[in-house]
Amino acid sequence: MLQIKEMYQQLGISSEVYCLGEEVLKSLKTRFEKMDEIAEYNQMKVLSAMQKNKVSAECMGSSTGYGYNDFGRETLEKVYADTFHTEAALVRPQITCGTHALAIALFGNLRPGDELFSPVGKPYDTLEEVIGIRPSNGSLAEYEVTYSQVELLPDGSFDYKAIRKAINERTKLVTIQRSKGYLTRPSFSVQQIGELIAFVKSIKSDVICMVDNCYGEFVDTVEPSDVGADLVVGSLIKNPGGGLAPIGGYIAGKRKYVESASYRMTSPGLGMEVGATLGVNRSFFQGFFLAPMVTKGALKGAVFAANIYERLGFPVIPNGKEPRQDIIQAVTLGTPERVIAFCKGIQAAAPVDSYVDPEPWDMPGYDSQVIMAAGAFVQGSSIELSADGPMHEPYAVYFQGGLTWEHAKLGILMSVQKLLDAGLIELL
Ligand SMILES: *Cc1c(COP(=O)(O)O)cnc(C)c1O
């Protein structure tokens, strides 16, 4: 034990910060055991999907050009489909990110005159331009797909009455975002999503229910596709890529809807049949295999951060005790200096670029400066330890990821250390 503490000291963690961490950890033992159990279940789920589909050495191969008959790609998509218990899946490096995956699913399944409906309030920022909530070149709005949304009730629950009223004869697709993203509403459990989908289908049975599953994969033993979602969509540089996927997104669900999406991803007529994998099959398989464990590490980090910062007197969302539906942790630090110190700590703990100092900058698309900490193997990967803080009230940081729990732990301790060294907090 003494040796571990010395190791932390070499990395810059003082004895008092280390001891604070250990004390907080003692209270998290049963919580962590539950997470181990969920991850163990999910590990078996992925493994059995791989065995059932006879993943072989041949699957690790690559294709170029059109990418016809890419055996590895086809097998991987069956593995995803079996893990999510869906008829089909698209898992591709041609899908550049989560937003792109969601855009493909929407454009592929909506036609002029249709209405897209969000019963859970405003979707993730980048979706605003896809939908045309903010006028945007190429948006769904330009193709005469209309959009409506119903806000959550003040307590964060679904406004069933308003939802019933909003669904009309043009409502074609309902989008439900599982994770709160960077909003302050609660994230939804898979069970809640199931209830919402059942309600929507009781009003209009043929409506397509799509779930933005970003940051939610493997947090629970069930996924939205287990409770009625027709499509689940996410990014491979978040949970399901396991930190190894260098790019990519997935769309899993009912075959006809996945196919419709594929005609947008490539071209009408070509669909899923083309798309060279250029050597990424191995990382996709291996990353998916590791994803339950990697997600668990990130989840432990989020819960640890919530409990440490709660102990230090800061408001945290979710709080230290709440059940988790995703890997994001928000901490309201209250001042710009603290946001900067926090991010410097996360950066200083990174395996890559640990020596650089993050600074707030004018990020395109944001109306105030943002500071970001990321020392990642894959650019922008937020399953890796990362944090960002918009430089405006209430001066909150959003923290997520960590390819291993041990690394997430160091990152959080380092953030506390930087705050302490700068005289911005007191250890109670
Ligand atoms: C990250 C995220 C997205 C968008 O993913 P990108 O890969 O950043 O394009 C969409 N929805 C939610 C809830 C997310 O967390």
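Reply: Happy to; we can start with some ground rules and then take the parts in turn.

Me: What should I know before I look?

Reply: This is a predicted model, in which local features need pLDDT of at least 70, side-chain atom pairs count only at pLDDT 80 or more, and totals for chains, interfaces and linings use all residues. Residues are numbered from 1 along each chain as its sequence is written, and side-chain values use heavy atoms, with hydrogens and water left out.

Me: Okay, the ligand then. Which residues surround the ligand?

Reply: The ligand is surrounded by Cys 97, Gly 98, Thr 99, Leu 102, Tyr 124, Gln 177, Asp 212, Cys 214, Tyr 215, Ser 235 and Lys 238. Here a residue counts as near a molecule or strand if one of its heavy atoms lies within 4 Å of it.

Me: And which ligand atom does the side chain of Asp 212 lie by?

Reply: A polar side-chain atom of Asp 212 lies 2.6 Å from a nitrogen atom of the ligand. A polar side-chain atom of Lys 238 lies 2.9 Å from an oxygen atom of the ligand. Gly 98 uses its backbone: an N or O atom there lies 2.8 Å from an oxygen atom of the ligand. A polar contact is a pair of N or O atoms within 3.5 Å; within protein, one must be able to donate a hydrogen and the other to accept it, and residues adjacent in sequence count only if both atoms are side-chain atoms.

Me: Where is Asp 212 found?

Reply: Asp 212 is found in strand β5, residues 208-212. Helices (H or I, at least four residues) and strands (E, at least two) are DSSP runs, numbered from the N terminus.

Me: What else does Asp 212 touch?

Reply: Leaving out residues up to four places away in sequence, Asp 212 touches Leu 102, Ile 176, Gln 177, Arg 178, Ser 179 and Val 233. Contact means heavy atoms within 4.5 Å. A polar atom of the Asp 212 side chain also lies 3.1 Å from the backbone nitrogen of Cys 214.

Me: New topic: how many salt bridges does the structure hold?

Reply: The structure holds 20 salt bridges. One of them joins the side chains of Lys 52 and Asp 82 (3.1 Å, N to O). Lys 52 lies in helix α3 and Asp 82 in helix α4, so the pair ties together parts that are 30 residues apart in sequence. Lys 52 is exposed, at 58% relative accessible area, whereas Asp 82 is partly exposed, at 23%.

Me: How about Lys 29 and Glu 33, how many residues apart are they?

Reply: They are 4 residues apart in helix α3, separated by about one helical turn. Lys 29 is exposed, with a relative accessible area of 57%, and Glu 33 is partly exposed at 43%.

Me: Back to α4. What caps the N-terminal end of α4?

Reply: Asp 70 does: a side-chain oxygen lies 3.3 Å from the backbone nitrogen of Gly 72. α4 covers residues 71-83, 13 residues in number, and reaches 18 Å from its first C-alpha to its last, close to the 18 Å expected. The expected span of a helix is 1.5 Å times one less than its number of residues. After α4 comes His 85, with a positive phi near 55 degrees.

Me: What covers the buried residues of α4?

Reply: The cover includes α3 (29-52), β1 (88-92), β7 (249-253) and α10 (281-311). Among the buried residues of α4 are Gly 72, Leu 76, Val 79 and Tyr 80. Arg 73 is buried too, at 1% relative accessibility, and the side chains of Glu 74 and Arg 73 meet in a salt bridge (3.9 Å, N to O).

Me: Last one: where is the place of Met 60?

Reply: Met 60 is in the loop between α3 and α4. Met 60 and Val 280 are 220 residues apart in sequence and 8.2 Å apart in space, C-alpha to C-alpha.

Notes
Buried means under 20% relative accessible area, exposed over 50%, partly exposed in between (1.4 Å probe, protein chains only). A salt bridge is a side-chain nitrogen of Lys or Arg within 4 Å of a carboxyl oxygen of Asp or Glu.
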